[in-house]
Amino acid sequence: MQQGLGYADILKDVPFIFSSNGDGFLFHDRTVKSGTVEKHLTLDEFPSPEELWQRYCASRDIPPEIQAVVTQDYYPSPENKTPRYYQLTAINRTIEAIAKRQNRILLVMATGTGKTYVAFQIIWRLWKSKAKKRILFLADRNILVDQARTNDFKPFGASLTKITNREVDKSYEIYLSLYQAVTGNEEESNIYKQFSRDFFDLIVVDECHRGSAAEDSAWRQILEYFSSATQIGLTATPKETKEVSNIDYFGDPIFSYSLKQGIEDGFLAPFKVVRVDIDKDVLGWRPSKGQQDKHGNTIEDRIYNQRDMDRTLVLEKRTHLVAQRITAFLKGTDRFAKTIIFCEDIDHAERMRQALVNENADLIAQDAKYVMRITGDSPEGKAELDNFILPEKRYPVLVTTSKLLNTGVDAQTCKLIVLDQRIESMTTFKQIIGRGTRINEDYGKLWFTIMDFKKATELFADPDFDGPPIQIYEPGPNDPPEPPEEGPADVDPPLPDPPNGRVKYVVDQVEVMVLRERVQYFDKDGKPITESLKDFTRKAVLKNFASLDAFIDHWGNADQKRLLVEEFAGRGIFLEALAEEVGRDFDPFDLVCHVAYDQPPLTRKERAANVRKRNYFTKYGEQARAVLDALLDKYSDEGLEPVESVDVLKVQPFNRLGTPVELVKIFGGREKYLQAVRELEKELYTPVAKP
C-alpha cells in the first residue's frame, strides 16, 4: 500500500489506491476527509466504476450538470498518442476548473513538456462537449502559430483558421493568431475590435510570460476586451517581478511541472556544460592612448570586459576564437549536430555566421546552408527555420541568432547550445536552455551540451532556476508598468545607443586566447556535480542496474552498443568524460564494470587479443577472416563505433581488400555481414576462462 501511495503521489490527483494479496483488497480512499480512510474489502466488495465516479465527483464538488464536460474524452490520435501522466493532470485540472466557472487559469510547464499539445486537448474537450464554442489561441511568434496549425491543432479541420493579412472572417470556430495580427499602434488598426466583446468564450495565451503580464502590453488589451471569455495562460517561466506579474492577472497556477521533474522522469534531456573563459573577457582590455578602431573612431579610454564584448566593443579575433572553439567541439563529436549560437545582437550574429563559414569551408562547399543566420531582419534565414527544426532535414546545421530563437521553437534535435550572449534574466535563460531539453530517440537526441562563453550558466546557481512560481509583487493601481525586456516578436531589436553618443568600436588587431576551459556536469536540479566523476557514475549506474549481471544482460542484448552509450548519456552517465579520467584505451563496457562493480578492466587491445586466441575466425573463409581481422584492429584503435557502421568498409585498410559491396558479398549479403559483426561483438565480451 505504501508503494501504491507513492505512485499516486507521483501521478497526482489519484483518489483511490488498492493493494491485493489475492484473497482480498486493502482500499485507501483519498476522498475521505474524516473517518475511515483505509479498510479491507473482500473480493466481492470491490467498488464498481460508477460508485468510484460518484465518490470522486462528491469529493471534487462536480455536480451532475457539468459532468458531461468533465467526462468528455480526449482526441483519439490515429498514431495512438496519449497524454503523459503530468499532461493528464494539467488537462483534467483545467477542464474541471472551467466547468466550475473559473475564468482565469495559469499552467506552468517546462519547455519541451508539451504545452501546445495540452492546450489542444483542453480546447478539443471543451469544444466537443460544446462547453466552449468559439476559441482564440494567441501567440507572439509566427512559428508557434504555424507549428500549432500543422501539428497539434490539425484535427479541427475546416473549423480552424489562422488570422492573416489583418482580415477577419467570423464563420470559423477555432482561431489561431499572432497578437500583432490583430493589434496595432492606432485605434483603427486594432482589428480584434471587429469581433464583439462576447464573440470568444475561450482564449488561450501561449508563452504568456512574454508580454501578457505587463499591464500596458497588447496582450492585455485583447484579454481585457474579451474579459467575459475564459482565459488560460501557458508558460514555462512565469514572470514575477516588481514590474510585471502573471499571477496577479491569471491567479496562482493550477498545475506546475518543472525542468527538474521532467529530467528526473526521463521526458527531458539532461545536459553538460562546457565553460570557456577568454582572457580579454576576464582580465579586461584597455586601449592605448588615442587608439582608433578599424573605422577611425577614437576608442574611449577605459577598461573593457565581458559586459562590453560585442555590445560596445567588438574584438574581431575574439569572434574568430569562439567560432574555432565551436567548430573544434563539433569535429570532436558530430559536425552535423544541430546547433544554436545565441549572440548579443543582429550584428554579432552576422559576424559569427561569417566566422563559422570560414571555419567550416569544407562543409560549406557541400551546402552553403550548413551555417545560417536566423534573425528577425533576415527573410532568407527565417525561411529556413522550419528546415532547422525538422529532424529529417539536414540543413541548416549551425544557426546564429540573438532573440528570435530563444522561445517557443520546437528544435527537437538541437544537441548544442552556444551562449555568447550575456544573460541576466532568469526568464530568458530558462527559455534558451529549453531549446535543448527536448528528447528525440529516433535521431539519437537523448542529451545536449551547453557551451558558455559569457558565464551565463552561473544562473544555474540561482535558487530561482527551477523554483516554484511564487508571486513576489502585486502591482498597485498607481505603479507605472515598465516594458518587458524581450523585444517584439519576429524582430530582433537593436540595442539602445550607449550613453554619451558612444559607438560600437570594432578592433581587428587585438590577440585573444582561451584562459581556461572546463567541463561541468549538472544534475537534474541544475547543480554542478561536486563529487568525483567516478563516484557519480557508480551511483548513476547502480541506480539503473542493481547488479553486474543486470548490466551485462542489458549490454549483451543490445544490437548496437553505440546506442547504449547514447542511452547512458541520457541517464546522466557520461562515459566519454569518464574515459578521460580512467583511461581512453578502455572500452565503455570495461569503464562501467570497473567503476560501478569493481571489476578489473581490459583494454581494447587485450579484448581483441582474447578473440584471436580462441580461433574464432576459423569458420570463415580467407577473405572474410581478413575483413574481421581488420575490424578487430579498428576496434583496438578506435573503439566500437566505427566497427558498427558499414561505412567503415570505405576506409583503409578495408578499401584495399575490395569495395564495400564486394566485401559485404563475401559474407553472403548485408544482413549476414551485420550478423558476423554482432557475433564478433559477442566474442569481444565473452568472459576469459579462468585457468
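**Exercise 1.** Leaving aside neighbours within four places in sequence, find which residues F156 is in contact with (heavy atoms within 4.5 Å).

*Solution.* F156 is in contact with F120, I123, W124, W127 and I174. The model is predicted: local features need pLDDT of at least 70, side-chain atom pairs count only at pLDDT 80 or more, and totals for chains, interfaces and linings use all residues. Residues are numbered from 1 along each chain as its sequence is written, and side-chain values use heavy atoms, with hydrogens and water left out.

Buried means under 20% relative accessible area, exposed over 50%, and partly exposed in between (1.4 Å probe, protein chains only). The largest nonpolar core has 81 residues, and F153, F156 and L419 touch the most other members. Another core, of 46 residues, lies apart from it; V541, F545, L674 and L680 are among its residues.

**Exercise 2.** Describe the salt bridge between E458 and R275.

*Solution.* A salt bridge is a side-chain nitrogen of Lys or Arg within 4 Å of a carboxyl oxygen of Asp or Glu. For E458 and R275 the N to O distance is 3.8 Å. E458 is in the loop between β17 (448–452) and β18 (505–507), while R275 is in strand β11 (residues 271–278); the two are 183 residues apart, and the pair links distant parts of the chain. E458 counts as partly exposed because its relative accessibility is 47%. R275, at 6%, counts as buried.

**Exercise 3.** Where do D347 and R351 lie, and is each buried or partly exposed?

*Solution.* Both lie in helix α12 (residues 346–359), four residues apart, about one turn of the helix. D347 is partly exposed, with a relative accessible area of 36%, whereas R351 counts as buried at 15%. D347 and R351 also belong to a network of salt bridges that includes D281, D310 and K504.

Technical notes:
Core = buried A, V, L, I, M, F, W, Y, C linked by side-chain atoms within 4.5 Å.
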